[in-house]
Amino acid sequence: MRRWILPAAVALAATLLAAPAAAQAAPDPAQAVKAQLRPERGVRVAEVSRTVTSQASIRTRYHSGIQLAPTGPVASWADVEDASDSRSGDGQGSKPGQRAAVGTSVYTTGEAVAEFLPKDKLWVRTRQDDSHPNLALAVASKQTINVFDPAVLKTALKGKRAKAVSGGHLYQGTITYAQLYAAAKGYYGGLFDGAPRGAYAKTAVSWRLWTDARGLPVRLSTTERARSGAYRTIDTRYSGWGEHLIITAPAKAEVVDWEERRRPGPDAPESDIGLSAAHSEPYAS
């Protein structure tokens, strides 16, 4: 009987020693996100962005839903709220309202377009084929790093060690727009109308990414700073990965095309209802 005690004890000890190492191994976030890119599945987003310049401090809140597909986000909706201490009229999404992106159209309702809506209409539609490489993502979030692209995550996380935290892991680092472009030329090339050049290429984004036990992003915080001292922080939280989600366009009877309405005056720039309200360029000056 003793002949079996020692081998069994050695095997048990080896198992116990190996268990902590296995438990500490962090799942690959890029692979975890890739597994979520399925038709009619989605994720919820809660985000606060803050832009601070010498003239103003702008805070915007997003509560969004993003419909996913194997190619990434394909449709979205968003409730947008001005969280600034005072309205600054910056034309960057500070006016509250609701937006939806379906296909090549963006639908907007609420204060941002109230003056342009006929009494029998609820939504203004703008067609924006070339204004952003992914309308669904632009409407739902201002976040700089596209976590829905496994290639972008892989590039950002290269060489980074995972720190165990409650419920998952934490990663942090910096990445330039040139590196982001190299990881996803189609997406970031669309933002810059080609490869980022000069100061844009060197602009560094500081980031921290929290993931859950499955490796899925639950929070992403990014910061960009300009030479002028201006800076932008974006804190995004993700939940409900994999939920069944189908986003459709509003009923035609409730929609008026932007082209059918009068053009806005100097105090109501067209960007108030366009995609520039959902996307900001990086700080480089």
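This is a predicted model: local features need pLDDT of at least 70, side-chain atom pairs count only at pLDDT 80 or more; totals for chains, interfaces and linings use all residues.
Strand 1, residues 41-52, and strand 11, residues 231-244, run antiparallel and are joined by 11 bridges. They belong to an open sheet of 12 strands with mixed pairing, and if you want to trace it on screen, the order is 7-8-9-10-11-1-2-3-4-5-6-12. At the edges you'll find strand 7 (163-165) and strand 12 (255-257); each has a single partner strand, so one side of each has no neighbour in the sheet. On average, neighbouring strands here are turned by 20 degrees against each other, direction ignored.

On to the helices. Helix 2, residues 29-36, lies across strands 1, 2, 8, 9, 10 and 11, and runs at about 50 degrees to strand 11. Helix 4, residues 150-157, lies across strand 8 and strand 9, at about 105 degrees to strand 9.

Last stop, strand 2, residues 57-69, where we find glutamine 67. Is glutamine 67 buried or exposed? With a relative accessible area of 11%, glutamine 67 counts as buried, because the cut-off is under 20%. Its side chain reaches the backbone nitrogen of isoleucine 247 at 2.8 Å. Leaving aside residues up to four places away in sequence, glutamine 67 touches, among others, Glu40, Arg41 and Gly42, then Pro73 and Val74, and also Leu245, Ile246 and Ile247.

Methods:
Residues are numbered from 1 along each chain as its sequence is written. Side-chain values use heavy atoms; hydrogens and water are left out. Helices (H or I, at least four residues) and strands (E, at least two) are DSSP runs, numbered from the N terminus. Buried means under 20% relative accessible area, exposed over 50%, partly exposed in between (1.4 Å probe, protein chains only). A polar contact is a pair of N or O atoms within 3.5 Å; within protein, one must be able to donate a hydrogen and the other to accept it, and residues adjacent in sequence count only if both atoms are side-chain atoms. Contact means heavy atoms within 4.5 Å. Two strands pair if DSSP finds at least two bridges between them. Axes are lines fitted to C-alpha atoms, for helices over the stretch in contact, and angles run from 0 to 180 degrees between N-to-C directions.
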